[in-house]
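Visitor: I would like to go through this model by asking what lies behind each label given to it. Could you set each value against its criterion as we go?

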Amino acid sequence: MTTHLTPGTPSYRFTAPSSREALRLVRETLGPDAIVLSNRVTAGGVEVVATMDGPVAREAAPVAPLPVPIPPPTLPLQAVAPLPTVDDGNSLLREIHSMRGMIEEQLAGMAWNEHQRRDPVRGHLLRTLLGAGFSARLAKDILENLPTGLSHACGMDHARAELARRLPVLEDENALMDEGGVYALMGPTGVGKTTTTAKLAARCVLRFGADKLALVTTDSYRIGAYEQLRIYGQILGVSVHAVKDAADLAHVLAGLRDKHMVLIDTVGMSQRDRAVSDQIAMLCSASRPVKRLLLLNASSHGDTLNEVVEAYRHGGKAAKGSDLAGCIFTKVDEATHPGVLLDMAIRHQLPVHYISSGQKVPEHLMLVDRRALVDSVFHAKSRSALFVPGEADLDERPAPLGNEAEVAEAEAVNERLRAQCQQLIRALTHNAQELASNASALANGQIGFEETRAIWRRLCDAKLGEEALAQTLRSQALADIHAGCSDYVLAVTGDTVLAGEDGADPRVLTSTVLLSDRTGRPFAAPQQILAGPVQAGMSLSGDWAQKSGKPFVHLLARLPAAALIEQWRSSGIQWAASATAALRILDTGNGTPGTLAKMAAGLTFSTPQATTYRRRPAWVSVAEALVVVRPLAGNDTSDAHGESSSLRCVVRRIVDADSGKPLAHSYMLASNGIQATAQQLAQWPGWRIAAEPYFKLLKQGIVQLAGEVQPEDATMRKQWLIAGQASTTVFRLQYAQDTWADAARKVLARLAGRSVRPGRPVPGPVLLEGLGKFLVLLDALESDGTDLSPQPRRVMAQA
């Protein structure tokens, strides 16, 4: 049915049972150029009002009679909009485009909802990602290519893998540290810049000494800011400088050109403060290139973090080289939905350098592991989810998985894992010769593999007691000492902090790793003490060390107190420690007081030897003198410094091979009873630094093998000893340079599910995980009757 509305400009109302029928009537009556003005659903069907600019071009079809004109009503019809004039053409087009956009948005939403109805797992995964803190845009993008028909567990594996693939991180900390340079830590107020600066400074000091690092602060506004950083500097033995403006910064950086690394603690500013761009411009116009690291607060809202990144990235757009070098996540331990951090790093492609998760310096600063970081996002638990929309808030109900679906999914996962294990065993059995070759290479590599395997097999042996196992490890250490040490046994003592059970206080596990005086390579960690922290020399208790026939020398990171030096001298404990250039000493040769740097200027150095320093050719030489350490100013006593208190001082100097300009000096003090040459002593501090990562690896081994801390449990302490032996084997494998070692590292990495990049070292935790699986597979194959036929191995002495 049609009705004519206006006689001047023809407008017609069409009523039909459906929209398609009404539009057919419009086309048949008014032609294809008709304009639809409105449509609505009425009790009689669908009502469409249409018009056209010109006269009707053709007669109506017989099935639709010509519309009958209606006289104009006395009152205006509000339901019919006036026809557009020529001036209103643009407005009409805008309305049409707006309607088109709304329709497209609705269609997209309908399509997404249809996806969820067809694949309910997708909806659950979307809510999981949103609940973890990821934005809706990234969450949908992650799930865009999700294959249909997956279980929830497989879907989560897909999401985790996609997030890890997109997340940019610092790939190699060694390259960053070796390159050095000037780094500025920036961010809003309260984000933790000063604390993080101190943590980074501690890592730098542990790597190349306090004299290679300097700290700078631009925070002249906050009360006590400089004092806080100065206290950290005193603890680390690092110089601290304060600057006020660009001129000050240029002057200070020019005076610190001999420093390998300079860390700048900047003033905190809101992202909406206009002074942010001034601060960025000051850093970018410095006399040396400044790399900016942005600190992101894990407890901040996503929109706030986005503003922070935009302000600190684009605030210095006009400055040359103003882009951010990366970011550091802070206060991760306070975050309820840490996914927002990963979302921000992926969105802006900011490489994540470190993660800060507490106030302790330097323990609470960690390198980034992609997989571990992504997993931690989904392991985080929030006590409330008031600001995360749920199904009820979205007026949606996901398709229920139900108990039957969950059971079926769990059975499918178990079946998949069982099939993978069977396939792996079949593959290894088929290629048993290759497996035997790797086992034989590890056994003959002199890294303690067979000893580790022997005690690993007795992990659950209740007959093997803690003391018997410790005695076995000491016997092995004595055998290695006779085989790998010439004159001395070098010992590095360190602490491993272990988390307590059920909120208990952390416990400290003190261990001593032994190094060869020929190569500096670790070969044993025979004893661990749950106490401490204890002082060097106390961790090797008992008389077993005296049975080695070689004196032990404890390598220390810093000079011990004067009273402790005298105590060790009386006890016959030998030691060597790094020292700073500003240490106050008395030169026993001429009785002149001064500092180590002043004394070094008058020493005669040995013939230079070729070396490489910061990838440049250089010459290294050493000099030696006897000194007495003087007390700090104001603590002088009347006691004369006798010959018995004198210490050996070895100075190591590096000069540029082309210009002859001094590049670096290092100082080491040692007890007077050590008879090693100055050249030998000069190598020991570097060996100590290379051995310190062992204690972090030991923590990974304990977590993997022993779990939580239960110090009263003898079985747990026995597992710590086994973890220490396994960690020592892995640590020795990391530094092995032979071809067999490279092949073995690749095998263990594959067993741990990690790919090996050419030219990149395999991380210790990966090797530790792979070693555990390798030992389990060896036992499984031998139990299955497979003849591996490895080379004869040394049988571990039974306790």
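Guide: What follows is a conversation about a predicted model, moving from the whole chain to single strands, helices and side chains.

Visitor: How would you describe the protein as a whole, before we turn to particular labels?

Guide: The secondary structure comes to 24 helices and 25 strands, and of the 799 residues, 44% count as buried. Among contacts between residues at least 6 apart in sequence, 68% join residues at least 24 apart.

Visitor: What makes strand β18 count as largely enclosed by the rest of the structure?

Guide: Strand β18 covers residues 552-556, and five of its five residues are buried, so the strand is largely enclosed by the rest of the structure. Both of its faces are covered, with F552, H554 and L556 buried on one side and V553 and L555 buried on the other.

Visitor: How do you know that β14 and β18 pair?

Guide: Two strands pair if at least two bridges are found between them, and β14 (residues 489-498) is joined to β18 by three bridges in the parallel sense; the pair therefore meets the criterion. One of the contacts to look at is V489, whose bridge partner in β18 is F552. Strand β19 (residues 574-579) also runs parallel to β18, with four bridges between them, and here V553 stands opposite Q574. From β18 the chain passes through helix α18 (residues 562-571) to β19, in a β-α-β crossover that is right-handed.

Visitor: What makes the span of helix α3 close to the expected one?

Guide: Helix α3 has 13 residues, numbered 120-132, and reaches 19 Å from its first C-alpha to its last, which is close to the 18 Å expected at 1.5 Å a residue. Its buried residues are V121, R122, G123, H124, L125, L126, R127, L129 and A132. Just after α3, G133 takes a positive phi of about 115°.

Visitor: Are F731 and Y735 buried or partly exposed?

Guide: F731 is buried, because its relative accessible area of 2% is under the 20% limit, whereas Y735, with 28%, lies above that limit and is therefore partly exposed.

Visitor: What makes R653 a charge that sits over the ring of F605?

Guide: The charged end of R653 is 4.0 Å from the centre of the F605 ring, and the distance criterion asks for a value within 6 Å.

Visitor: How do you know that I447 is buried, although it lies in a loop?

Guide: I447 lies in the loop between α15 (432-443) and α16 (449-457), and its relative accessible area of 4% is under 20%, so I447 is buried. Leaving aside residues up to four places away in sequence, I447 touches L442, T729, R732, L733 and W740. I447 and F731 are 284 residues apart in sequence but 8.7 Å apart in space, C-alpha to C-alpha.

Visitor: Where is T729 placed, and which residues does it touch?

Guide: T729 is in helix α22 and, at 3% relative accessibility, counts as buried. With residues up to four places away in sequence left out, T729 touches I447, G448, F449 and T452.

Terms used. Residues are numbered from 1 along each chain as its sequence is written. This is a predicted model: local features need pLDDT of at least 70, side-chain atom pairs count only at pLDDT 80 or more; totals for chains, interfaces and linings use all residues. Side-chain values use heavy atoms; hydrogens and water are left out. Helices (H or I, at least four residues) and strands (E, at least two) are DSSP runs, numbered from the N terminus. The expected span of a helix is 1.5 Å times one less than its number of residues. Buried means under 20% relative accessible area, exposed over 50%, partly exposed in between (1.4 Å probe, protein chains only). A charge sits over a ring if NZ of Lys or CZ of Arg is within 6 Å of the ring centre and within 35 degrees of the ring normal. A crossover is right-handed if, with the strands pointing away from the viewer, the path from the first strand over the helix to the second runs clockwise. Contact means heavy atoms within 4.5 Å.
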